[in-house]
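Student: I would like to learn how to read helix packing from a model. Could we go through one case together?

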Amino acid sequence: MAKVKKAFFCKECGNEAPKWFGQCPACGAWGSCTEEVISRGSESAAGRRTQSEARPQRVAEIEDADHQRILLSSAEMNRVLGGGLVKGSMVLLGGEPGIGKSTLSLQVALATEGIKTLYVSGEESASQIKMRALRLGVANEECYIYPETVLENIIGQVEASKPDLVVIDSIQTIYSEAIESSAGSVSQIRECAARLLKMAKESGTSVIIIGHITKDGTIAGPKILEHIVDVVISFEGDNNNVYRILRGIKNRFGATFEIGVFEMREDGLGEVENPSEILLGHQHEPLSGVGVGAAVDGIRPYLIEVQALVSNAAYGTPQRSATGFDNRRLNMLLAVLEKRVGMKMFQKDVFLNFAGGFKVQDTGLDLAVVGAVISSYFDRAIGEGVCMAGEIGLSGEVRPAPRTEQRIAEAARHGFGKVIVSGYLAGRGLKVPDGVEVVYINTIGELAAAMF
Ligand code: TYD
Ligand code: MG
């Protein structure tokens with residue numbers, strides 16, 4: 001009989017410990033300890049030393065494998081994956097429930113021609129998936145729906161039917177019979193992912209694993225999954241808004257930080273090729289508190305509207321709230337405004353919002369954020385056709401944003417006549433399209449004069 005053993009795991013980072021802990025010794029999370037029954041007697045091959053053909057080789061001896069890629073039907077998804085789905089790779093698609101992960105995967109499986117897909121669903125019945133497929137209105141003959149939750153059966157099915165792509169919807173619902181804890185536990189997720197990875201590498205089948213994300217933004221329990229898989233992409237957006245962003249978080253085969261933009265429609269996800277169009281407001285009169293920033297995610301530049309509302313604080317402690325922007329960074333920028341420009345931010349509530357419910361991470365948008373705040377503070381609209389791109393440092397200096405030239409080109413493409421950037425770039429031979437005036441500033445003290 002297999003020897004049964006218990007162990008304690010951290011739900012945040014997957015750290016394993018022999019006894020209970022209040023705070024995880026590995027990642028510092030509190031109250032994340034969970035006890036799981038694991039059967040050491042039949043532990044995965046991943047944890048044991050096995051006979052292997054591998055031997056050390058010189059770099060020069062290694063054959064350079066040109067990764068073969070499957071070009072998916074979605075150009076946006078291909079971009080985020082770094083130019084298509086690499087054969088034999090394992091991709092983790094994370095996102096909050098209801099954001100559209102199943103829709104995206106099913107749509108890609110159904111609309112990509114010439115591939116055979118095994119869509120494993122542990123969450124929905126075959127008839128539910130059929131209903132969704134009807135809504136999507138695309139039908140690849142070679143897409144097989146397989147409602148199954150036992151890992152061993154899934155692997156057996158893959159070996160028998162040899163698909164090009166396997167979608168696991170979701171990793172939290174499948175379990176291996178070799179482990180006694182329940183589906184969705186740390187040890188199950190770790191075991192299932194490791195076995196699926198081995199299967200992907202051996203058979204050359206690409207695997208897309210869907211993983212639900214918990215409220216605090218970590219992929220449920222298993223941050224460990226991020227280390228195991230080749231590519232991590234996350235599907236974001238807010239449920240009240242139709243726009244969704246697919247963001248590259250890790251990619252062993254291409255650039256990270258690429259984004260793809262989608263629109264959730266009645267008939268599935270539509271691609272948004274030109275995000276600037278949806279992220280720029282279309283009102284004609286300039287309003288106070290509205291600024292436009294030129295952002296870059298990955299290699300794609302886009303323009304985005306920032307709205308700020310600065311009002312007198314009604315209570316003792318001023319409120320600061322940012323949607324789509326890091327709250328701590330907003331506080332930092334406000335502190336810089338207070339200290340370097342002398343604006344009395346400590347008496348003000350500040351609310352910040354990015355168009356389309358977009359979450360931005362680009363520090364090149366600092367200047368636009370501060371521009372919108374200054375504009376609202378003085379209740380004065382920013383001049384028409386003004387766009388900003390620059391990072392702000394603690395002493396109020398304006399630093400160059402990466403790929404500023406591309407940002408300027410994007411602004412020009414959308415008819416912006418004036419772009420405010422870091423003075424560091426002056427005289428460095430920036431390529432500036434005709435009809436665009438570039439204004440160089442060194443500190444945020446110069447921003448007001450440049451933008452009004
Ligand atoms: P779903 O793919 O089930 O989300 P997830 O797998 O991430 O939990 O997406 C569900 C939402 O998408 C649901 O609220 C309905 C909406 N939706 C559409 O708006 N249009 C469609 O064509 C489809 C299939 C879903
Ligand atoms: Mg789903």
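Student: Which residue just after H4 takes a positive phi?

Tutor: Keep in mind that this is a predicted model. The residue is Lys-162, with a phi of about 45°.

Student: Which residues of H4 are buried?

Tutor: Buried means under 20% relative accessible area. In H4, Leu-151, Ile-154, Ile-155, Val-158 and Ser-161 are buried. Viewed along the axis of H4, these buried residues lie within an arc of 145°, so they line one face of the helix. Glu-159 and Ala-160, on the other side of H4, are exposed.

Student: What do the buried residues of H4 pack against?

Tutor: Their partners are strands S7 (117-121), S8 (143-146) and S9 (165-169), together with helix H5.

Student: At what angle do the axes of H4 and H5 cross?

Tutor: Angles under 35 degrees count as roughly parallel. The axes of H4 (residues 151-161) and H5 (residues 186-203) cross at roughly 10° and come within 11 Å. H4 and H5 are therefore roughly parallel to each other.

Student: Which residues of H4 and H5 meet?

Tutor: From H4 come Leu-151, Glu-152, Ile-155 and Val-158, and from H5 come Cys-192, Arg-195, Leu-196 and Met-199. Sorted by class, this contact has six nonpolar residues, two charged ones and no polar ones.

Student: Is Asn-78 buried or exposed?

Tutor: Asn-78 lies in helix H1 (residues 75-80). The relative accessible area of Asn-78 is 9%, so Asn-78 is buried. Leaving out residues up to four places away in sequence, Asn-78 touches Ile-70, Leu-71, Leu-72, Gly-83 and Gly-84.

Note on methods: Residues are numbered from 1 along each chain as its sequence is written. Chains are lettered from A and ligands numbered from 1 in the order in which they are written. This is a predicted model: local features need pLDDT of at least 70, side-chain atom pairs count only at pLDDT 80 or more; totals for chains, interfaces and linings use all residues. Side-chain values use heavy atoms; hydrogens and water are left out. Axes are lines fitted to C-alpha atoms, for helices over the stretch in contact, and angles run from 0 to 180 degrees between N-to-C directions. Helices (H or I, at least four residues) and strands (E, at least two) are DSSP runs, numbered from the N terminus. Angles under 35 degrees count as roughly parallel, over 145 as roughly antiparallel, 65 to 115 as roughly perpendicular and the rest as oblique. Contact means heavy atoms within 4.5 Å. Ala, Val, Leu, Ile, Met, Phe, Trp, Tyr, Cys and Pro count as nonpolar, Asp, Glu, Lys and Arg as charged, and the others, Gly among them, as polar. Buried means under 20% relative accessible area, exposed over 50%, partly exposed in between (1.4 Å probe, protein chains only). The arc is that of the directions from the helix axis to the C-beta atoms.
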